[in-house]
Amino acid sequence: MFTFSFSLRPADVRQMKIRIPPTRVPAKETTYMCAYVDFENVTTDFHVIANTPIINNSYVMHHMTLMGCPNGYEDPEQALHQPFECYMGSCVDILAVWTLGMNGQCFHRDAGFKVGANSYKRLRIEYHWNNPMRQSDFVDSSGFTLYYTPHLRRHNMGMLVVGQEYLEIPPFTDLTVASSDCTATCTKNLLKSDIYVTSAFNHMHYLGKSMLMEHHRGSQMLRYITKDLAYDYNTPVIHSFSDPLVIQPGDTIRTTCHFKSSDKSVTTFQGENTSDEMCYGFITYFPVESVPGKACLSPWKGYMDCDPSTQFGCSSQERKKFSGQQLNNTNLFRDITSVCKPVSKCTEECKSAIKAAMAREPCMQTQDGRDFVESLMLRHSTGRMLMDYLLPCQLSIYKDGQKADGEACTEAVVDETSGGETPEMTLILLAFLVPVSCLWSWS
């Protein structure tokens, strides 16, 4: 139970419950369910100063997020208060987060999340239901209780998300490390002025064993923002600062996640399922006006959209063409699919089209770039379909020996196949064993 002792009387604090009506949980492992609600009073401005979870069905609740929608936002396909399956939306400003083990949050005495007349009027609540046994009889009506006041505090609060979105954790491994830097260049671009961090917490799933967020200035580490040396998904720790931690434009925020998969028999990737993994840090700060962008995330290893020096020639604008449905409309896609056939014989015209198309792509000029593009394409159906068109010429391109790195890649696979096989059998094995990433090894 929260006690409001900092210049507020209990009578000054109002409550609003935000929850969905009793809703049947689908009989599948992972479901994202959303609903829109309007803030109950938009005649004036308020600060949300605390929240507590309402957990109706602890068997399925994985996490909840409450987000503010842009002013005037309407979703013509969804009615207010009616739950619907969802994933991403236009409401991205986080106001509240709950994950397993959290009891709620009481925010810093000098700041609150602004809602009401001149701020968020429409909110979106998002649920992650985890139903690994795929039971069909579960029902849920969870949500948040918001505590808010018309007595505005000195600052408006925001939440910044940092971390690594590319994870590949091999099986039977004691330690896999994933890290990302919100670099000095990134904070110069993202922060309009100093921000004051009031709390932070780490988020991984069940393979996560320890996680750190570090604050660096120049070559010096100033302090840990979070330091969970024995991370437990079921009991997250909120690290609070009564004297806020000051982060300046030009500072670096480093996120490091340690995973242990010694009892898991398959590779684990980043994903939304509980059986997948995550590496995110959530930082609560003020003033919200100092950070127009609300995330500083790496989509692949050290790549950052906000720092050209990390992009190996593949700018954030260029790499977007390989994500999702945009790929359909690129010359790369049209040139290759117009002359090649999926999982078929490699023709000379197909091989030429592939080489010419890739030679034009800035993101294909380094091995890091080619690996990055491969990872982007494998994340969606259009990219995987294009990979099927590329596959028939994979071996033929290597046999051409266009580049030393391609030759080295082939030799490495041939070494693995050596064991008395006939030349014909070696070629067959090579076709299966050569890594997909080796396909990009030409200029």
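## Exercises on a predicted model

In this predicted model, helix α5 buries G369, R370, D371, F372, V373, E374, S375, L376 and M377. Keep that list at hand for the opening exercise.

**Exercise 1. Work out how many residues of helix α5 (residues 367-377) are buried.**

Solution. 
- Step 1: Find the helix, which covers residues 367-377.
- Step 2: Go through the buried positions, which include R370, D371 and E374 as well as F372, V373 and L376.
- Step 3: The count comes to nine of 11 residues, so α5 is mostly covered, buried meaning under 20% relative accessible area.

**Exercise 2. Compare the span of helix α4 with its expected value, then list its buried residues.**

Solution. 
- Step 1: Helix α4 runs over residues 348-359, giving 12 residues.
- Step 2: From first to last C-alpha it reaches 16 Å, close to the 16 Å expected at 1.5 Å a residue.
- Step 3: Now look at burial: C350, K351, A353, I354, K355, A357 and M358 are the buried residues of α4.

**Exercise 3. Describe how helix α3 (residues 331-339) packs on helix α6 (residues 381-390).**

Solution. 
- Step 1: Two quantities are needed, because packed helices are described by the angle between their axes and the distance between the axes.
- Step 2: Here the angle is about 40 degrees and the axes lie 10 Å apart.
- Step 3: That angle makes α3 oblique to α6.
- Step 4: For handedness, α3 passes α6 in a left-handed crossing.
- Step 5: On the α3 side, L332, F333, I336 and T337 take part, meeting T382, M385, L386, Y389 and L390 of α6.
- Step 6: Sorted by class, this contact has seven nonpolar residues, two polar ones and no charged ones.

**Exercise 4. Place N234 in the fold: where is it found, how accessible is it, and which residues does it touch?**

Solution. 
- Step 1: N234 sits in the loop between β19 (220-228) and β20 (239-247).
- Step 2: Its relative accessibility is 34%, so N234 counts as partly exposed.
- Step 3: Leaving aside residues up to four places away in sequence, N234 touches L100, G101 and Y206.
- Step 4: M102 is 132 residues from N234 along the chain, yet their C-alpha atoms are separated by 8.5 Å.
- Step 5: Finish with the whole protein: among contacts with a separation of 6 or more, 83% join residues 24 or more positions apart.

Technical notes: Residues numbered from 1 in each chain as written. Predicted model: local features only at pLDDT ≥ 70, side-chain atom pairs only at ≥ 80, totals over all residues. Heavy atoms only, no water. Axes fitted to C-alpha atoms, helices over the stretch in contact; angles between N-to-C directions. Helix = DSSP H or I, 4+ residues; strand = E, 2+ residues; numbered from the N terminus. Parallel < 35°, antiparallel > 145°, perpendicular 65-115°, else oblique. Left-handed = near helix turned anticlockwise from the far one by under 90°. Contact = heavy atoms within 4.5 Å. Nonpolar A, V, L, I, M, F, W, Y, C, P; charged D, E, K, R; others polar. Expected span 1.5 Å × (residues − 1). Buried < 20%, exposed > 50% of the residue type's maximum accessible area, 1.4 Å probe, protein only.
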